[in-house]
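User: I would like to learn how to read helix packing and aromatic contacts in a model like this one. Could you take me through them step by step?

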Amino acid sequence: MDNIDAPKEPVVTSYAKAPASTITAGGVSYAYRELGPKGGIPVVFFVHLAATLDNWDPRIIDPLARNRHVITFDQPGVGASTGQVPNSIEAMADDAYTFIQALGFDTIDVFSFSLGGMVAQDLVIKHPDLVRKLVLTRTGPRGGKDIDKVVGTTYRDILRATLTRSDPKEFLFFNRNATGKPAAKAFIKRLQERTENRDKPISTRAFQIQLKAIQKFGRSAPSNLSILTQPALIANGDNDRMVPSVLSEDLHHRIKGSELIIYPDSGHGGIFQYHATFAPAVVEFLAP
């Protein structure tokens with residue numbers, strides 16, 4: 001009689017169903033989720049200011065996870081990860097490297113958003129052999145013009161959201177017009193699709209430290225991004241109030257051979273507003 005192999009567990013390709021995991025490295029327990037078929041080069045997601053594992057749009061992650069191993073994680077001191085939030089972007093990049101090394105990967109693709117894009121830049125400069133391809137969305141270069149003003153913009157929009165009992169991302173990420181408002185509501189609704197094993201919210205203290213780190217990054221001397229040799233895809237909306245859209249063009253000029261996508265009538269959350277167009281573009285760009 002032939003041996004019958006035990007049935008393989010089905011591959012999870014829905015972010016709403018991705019199992020919650022932890023791994024300990026450097027005295028920190030990192031909370032993370034992974035989905036998609038294992039094997040090959042994983043795509044590691046670097047999240048935005050004040051965000052946890054629950055802030056990724058499943059309409060961006062799920063299309064990638066159909067054919068790629070996708071990993072999202074909380075930085076130290078954020079969400080369910082232990083430890084302290086560092087006060088500099090460089091230290092955040094060091095923590096990201098520690099996490100990736102703990103998982104045993106020596107080559108990754110990076111998908112980054114906003115603060116995550118700043119961390120990703122420092123990571124790839126310090127460890128150029130680690131990153132094969134780089135996606136930088138809604139972000140800017142170290143020392144970029146007006147990055148340090150994100151603090152004032154963020155607090156103003158949090159106040160506006162509080163007064164209208166809205167999610168601050170509706171103001172921070174989307175235009176307040178006939179196109180942006182419904183896109184914002186749809187995005188916030190998608191973030192609620194995961195109903196079990198949700199992450200812990202970020203603490204006010206951790207959020208404030210992240211803001212100061214971004215401010216310091218914006219006031220620092222520029223990094224030499226001309227040394228990057230990785231294929232890079234840069235994307236933004238044409239009206240980003242948090243990290244001005246012009247900084248995406250600045251990144252494009254600094255990173256030789258990079259591709260730039262600017263979506264019309266959209267803000268900091270333009271890739272979420274245009275997910276139906278953007279997700280296939282990312283899948284194609286990150287193809288092995």
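User: How do the axes of helix H4 and helix H7 cross, and within what distance do they come?

Analyst: Please keep in mind that this is a predicted model. As a general idea, two packed helices are described by the angle between their axes and the distance between the axes. Here the axes of helix H4 (residues 150–163) and helix H7 (residues 204–218) cross at roughly 145° and come within 9 Å.

User: Which residues in H4 meet which residues in H7?

Analyst: From H4 the residues are Val 150, Val 151, Thr 154, Tyr 155 and Ile 158, and in H7 they meet Phe 207, Gln 208, Leu 211, Ile 214 and Gln 215. Sorted by class, this contact of H4 with H7 has 7 nonpolar residues and 3 polar ones, with no charged residues.

User: Which residues of H7 are buried, and what covers them?

Analyst: The buried residues in H7 include Phe 207, Leu 211 and Ile 214, which also belong to the contact with H4; Ala 206, Ile 209 and Phe 217 are among the others that are buried. The cover over the buried residues of H7 includes helix H2 (89–103) and helix H3 (115–126) as well as H4. As for its length, H7 has 15 residues and reaches 21 Å from its first C-alpha to its last, close to the 21 Å expected at 1.5 Å a residue.

User: Turning to the rings, how many aromatic pairs are there?

Analyst: The count comes to 17 aromatic pairs, taking ring centres within 6.5 Å as the cut-off. One of them joins Phe 46 and Phe 73, whose centres are 5.5 Å apart with 90° between the planes, an edge-to-face arrangement. Phe 46 lies in strand S3 (residues 43–46) and Phe 73 in strand S4 (residues 70–73), so the pair ties together parts that are 27 residues apart in sequence.

User: Are Phe 46 and Phe 73 buried or exposed?

Analyst: Phe 46 is buried, with a relative accessible area of 2%, and Phe 73 is buried at 4% relative accessibility. Another pair is formed by Phe 111 and Phe 278, with ring centres 6.1 Å apart and planes at 65°, so this pair is edge-to-face. Because Phe 111 lies in strand S5 (residues 108–113) and Phe 278 in helix H10 (residues 275–285), the pair ties together parts that are 167 residues apart in sequence.

User: Which residues do ring pairs link into a cluster?

Analyst: Phe 111 and Phe 278 are linked by ring pairs into a cluster with Phe 45, Trp 56, Tyr 263 and Tyr 274.

Note on methods: Residues numbered from 1 in each chain as written. Predicted model: local features only at pLDDT ≥ 70, side-chain atom pairs only at ≥ 80, totals over all residues. Heavy atoms only, no water. Phe/Tyr/Trp six-rings, centres within 6.5 Å; stacked < 30°, edge-to-face > 60°. Helix = DSSP H or I, 4+ residues; strand = E, 2+ residues; numbered from the N terminus. Buried < 20%, exposed > 50% of the residue type's maximum accessible area, 1.4 Å probe, protein only. Axes fitted to C-alpha atoms, helices over the stretch in contact; angles between N-to-C directions. Contact = heavy atoms within 4.5 Å. Nonpolar A, V, L, I, M, F, W, Y, C, P; charged D, E, K, R; others polar. Expected span 1.5 Å × (residues − 1).
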